[in-house]
Amino acid sequence: MDPRLSFPRYRLLVLLCTVVALSGTRSPAAAAGRSCADTRQVYNEKGYSTNTAPMTQISGEHLRLCPQDYTCCSSQMEETLSLQSEKDFLKAIEDNSQFLLTTFTQRHRRFDEFFRELIDLSEKSMNQMFTKTYGLLFTQNAHVFQELFVELRRYYSGGSVSLTEVLSDFWSRLVERVFSLVNPHYQFSEDYLECVSKHAEQLQPFGDVPRKLRVQVSRAFIAARALSQGLATGRDIVNKATKLTAGSECVRGLMRQWYCPLCRGMPSLRPCHSLCLNVMKGCLANLADLDTEWNNFLDALYLVSEKLEGPFNMELAADSISVKVSEAIMHMQENSVSISSKVFQGCGNPRSATARSKRTPKESGGSRRPFRTYTPEEKPTTAAGTNLDRLVTELKERLRPMRGSWVSLPHTICNDEKMAADVTNEDRCWNGQTRGRYLPDVTGDGLVSQINNPEVEVDIARPDVRTRQLIMELRVVTNKLRHAQSGEDMDFMDSEEGSSSGGGDHGERYNDDWPGYGPHSPPYSKAPRNPASNPAKPPRGRDRSGSKWNKNNGHGRARSAASLHTFSLVPLLSISFMVTVSPMWR
């Protein structure tokens, strides 16, 4: 080889090798030399010390969660930021569920206060009107009415109280008091008055009023209690559902999407929208499974609230108590002669009161007025007026946007510009590794759909126990609400034969219970009464069985078959039995 030719080539070769060597040694130095000032600033703004934060990018072999490229994060910073990502996640859930929690909390408080006020005002109105109308006669027997409202409050508050039994006991006590008042010239023993109350269902001294009041009050109170309990349950469900913890795989995904860009020295870069959705759907997979039962629960709440502003109106029911009780008393007074005659035939002739013991109008209250019903102007009204309509309207407006809340939660979070890039900014976002488009598909909703989630590894074979419990709670309260729509109380469906609802009688309709409807809308339909489904009220503290119902009390109570026939309410099929075995009620 010619040395004159080889020397230039040799010099060129050496020069090229030198350039390559220099470029190879300077490239890592250039990358490592990039400033971490922006990262340190953001890290410091979050309240963390920058003592462990590199001034310039360093090799990332120590990273466990972020890509092991050149980084502005030390191991301690990565650990701190992973904890911060979990805090941000839980805060996002809390913020985005605040509408649910606030709505249920406030609606429950307002409805509960309103229903309790209605009961208080109903009792107050009755006391005022009856004191004005009946004077001392009412005040002497006020405890009978007080006990009724005590039991109504106890039922509404969730007590184990049967409305059918509450109202039945009230009418039994009332018929004893009123029967004595309309027969002031007789003395009645406790046993005698109990005979009267025992056969009140046959006598029907108050006409059809007790049945109408039972239907109206029961279905209104059942719906009111179910709605109040449903709102409280909704509040508790939201509280429990949002008090969750993020698993290790979830935290890994959260860190990778929110703070790995910070470690790469790009703190302003937001995760791609699809990346955010996959991370959130993986972290919130169990909550999404609440959605079906949650929607059913909201639908049931909606329908019960509609019932309360319509046929099960709580305002009308509360107002009607004193009005219907007064109507019942007037009915018994107007028919006192025939009722007393039937009682004397069935329970025996009572003793005549002595001159000293006979009650006079003066002794009974000074200026005793006859029992009567109220004029429309006197009917008790509530201070709240039409607040129920407004409360129901406001509730229904808030229930509508709550549907699908748990399934849409990932979208709600990722639609926040602070949490993820806009869906239209697909090429200028963090894709989990660097700046660029995110290619994987977005997974479906719920636990099972996360089997192929590329961001969060989820064990679909292990459903969350707490979520299953919440689903069961939703099913229970939804079932109660659905029964309340028909005037049925699930707590007494097994113990209340016939009504199966604590007195709902959802098949019965009355024109005066449906404001704004004509006499044929809704149609009146009265279910046939089944005597077997309405057993006699149990004795209150005394045994009614035995010979005391048959013994003669010395007042000549033996009757002929003809006298039995005069008591038209005795079932015809039982007349021959009564004549043969027991000629008396008692």
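Start with the aromatic rings: this predicted model has 20 aromatic pairs. Here, rings of Phe, Tyr and Trp (its six-membered ring) pair if their centres lie within 6.5 Å; planes under 30 degrees apart count as stacked, over 60 as edge-to-face and the rest as tilted.

Select Phe-130 and Phe-145 next. Their ring centres are 5.6 Å apart with planes at 80°, so the pair is edge-to-face. Phe-130 sits in helix 4 and Phe-145 in helix 6, 15 residues apart, so this pair links distant parts of the chain. Helices (H or I, at least four residues) are DSSP runs, numbered from the N terminus. Phe-130 is buried, with a relative accessible area of 0%, and Phe-145 counts as buried at 5%. Buried means under 20% relative accessible area, with a 1.4 Å probe and protein chains only.

Now select Trp-171 and Phe-206. These rings have centres 5.0 Å apart and planes at 45°, so the pair is tilted. Trp-171 belongs to helix 7, while Phe-206 lies in the loop between helix 9 (200–203) and helix 10, 35 residues apart. Both Trp-171 and Phe-206 are buried.

Next, the cavities. On a 1 Å grid over the protein atoms alone, a cavity is a set of points where a 1.4 Å probe fits but cannot get out, and lining residues have an atom within 4 Å of a point. A volume is the space filled by probe spheres set on the points, which are joined across faces, edges and corners. The structure holds 3 cavities of 30 Å³ or more.

For the largest, of about 100 Å³, select Leu-137, Phe-145, Leu-174, Val-178 and Leu-181, which lie nearest its centre among 12 lining residues. Helix 5 (136–139), helix 6 (142–156) and helix 7 (163–182) each give two or more residues to this lining.

The second largest cavity has a volume of about 90 Å³. Its lining includes Tyr-155, Arg-225 and Lys-480, and helix 10 gives the most, with 4 residues.

Finish at helix 19, residues 387–399. Select Leu-388, Leu-391 and Val-392, which are among its buried residues. The buried residues of helix 19 pack against helix 4 (98–134), helix 10, helix 15 (291–308) and helix 16 (314–334).

A viewer's note: residues are numbered from 1 along each chain as its sequence is written, and side-chain values use heavy atoms, with hydrogens and water left out. In this predicted model, local features need pLDDT of at least 70 and side-chain atom pairs count only at pLDDT 80 or more, while totals for chains, interfaces and linings use all residues.

Technical notes:
1 Å grid on protein atoms, 1.4 Å probe; cavity = no way out; pocket = protein on both sides within 12 Å on 5 of 7 lines; lining within 4 Å. Expected span 1.5 Å × (residues − 1). Buried < 20%, exposed > 50% of the residue type's maximum accessible area, 1.4 Å probe, protein only. Contact = heavy atoms within 4.5 Å.
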